Amino acid sequence: REVIELAIKVSTTILNKGFGSGMPIRFATNGCTVDDENAMIFTDTGKGQEHYMSLLEILAKIKLKNVRDFMTFLNGHIDEITNTQVYIVTAYYGEDILEMAKRIQKSSNTVKVLVLNTFTEDMPLSGDVEVFFMGRK
C-alpha cells in the first residue's frame with residue numbers, strides 16, 4: 001500500500017511540474033481505477049486546467065491492481081510514444097525495464113526511470129538511461 005501511495009505522489013508531482021510549465025501531459029498505468037477494474041489507463045496528451053484536473057481525478061481513483069503485466073502494457077503502446085519526455089514510475093526494476101527504456105528512447109524520447117525501492121548491487125545500471133532510486137533503507 002505504501003508503494004502505490006508513493007507512486008501516486010511521485011506521479012502527481014511530475015504532472016504538476018508539466019502542467020505548471022505549460023507542457024502537454026498524459027498519464028498511463030497498467031493499473032486501473034475504481035470506476036473500471038478491467039481497464040488500464042492511457043490518456044490522450046493534452047494541456048490546460050481541465051485536462052490536468054482529469055489526470056488528478058484518475059490518480060485519486062487508482063486501485064492497487066495490475067490489469068496487465070507492465071512490460072506487455074508498454075509494448076502495446078510503444079509506437080504511440082514519440083518525441084516526448086517519459087517518466088517510468090515503478091516498484092519493480094530489472095534488465096527488462098532498462099531495455100524497454102532504451103527502446104522508448106529510440107523514438108526521440110527522453111526517459112527517466114523512477115524506482116520506488118532502494119538500490120541493490122544486483123540491479124542493472126546503464127549510462128544510456130537515467131535511473132533514480134527513491135526508496136529508503
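**Figure 1. Packing of helix 1 against helix 2 in the predicted model.** The axes of helix 1 and helix 2 (residues 49-60) come within 11 Å and cross at roughly 175°; axes are lines fitted to C-alpha atoms, for helices over the stretch in contact, and angles run from 0 to 180 degrees between N-to-C directions. Helix 1 is therefore roughly antiparallel to helix 2 (angles over 145 degrees; under 35 count as roughly parallel, 65 to 115 as roughly perpendicular and the rest as oblique). Helix 1 contributes Ile8, Ser11, Thr12, Leu15, Asn16 and Phe19 to the contact, and helix 2 contributes Gln49, Tyr52, Leu55, Leu56 and Leu59; contact means heavy atoms within 4.5 Å. These residues divide into seven nonpolar, four polar and no charged (Ala, Val, Leu, Ile, Met, Phe, Trp, Tyr, Cys and Pro count as nonpolar, Asp, Glu, Lys and Arg as charged, and the others, Gly among them, as polar). Helices (H or I, at least four residues) and strands (E, at least two) are DSSP runs, numbered from the N terminus.

**Figure 2. Packing of helix 3 with helix 4.** The axes of these two helices lie 11 Å apart, at an angle of about 10°, and the helices are therefore roughly parallel to each other. Phe70, Met71, Leu74 and Asn75 of helix 3 meet Asp96, Ile97, Met100 and Arg103 of helix 4. Five of the residues in this contact are nonpolar, one is polar and two are charged.

**Figure 3. The largest pocket and its lining.** The largest pocket holds about 1300 Å³ of space. On a 1 Å grid over the protein atoms alone, a pocket is an open set of points where a 1.4 Å probe fits, with protein on both sides within 12 Å along at least five of seven lines; lining residues have an atom within 4 Å of a point. Of the 47 lining residues, Phe27, Ala28, Tyr87, Ile88 and Val89 lie nearest the centre. Helix 1 gives the most to the lining, with nine residues. By class, the lining has 28 nonpolar, 11 polar and eight charged residues.

**Figure 4. Confidence along the protein.** The mean pLDDT (the predictor's confidence in each residue, from 0 to 100) is 89, and 99% of residues reach 70 or more. Confidence is lowest in strand 4, at a mean of 84, and highest in helix 2, at 94.

Residues are numbered from 1 along each chain as its sequence is written, and side-chain values use heavy atoms, with hydrogens and water left out. In this predicted model, local features need pLDDT of at least 70 and side-chain atom pairs count only at pLDDT 80 or more, while totals for chains, interfaces and linings use all residues.

Key:
Grid points are joined across faces, edges and corners, and a volume is the space filled by probe spheres set on the points.
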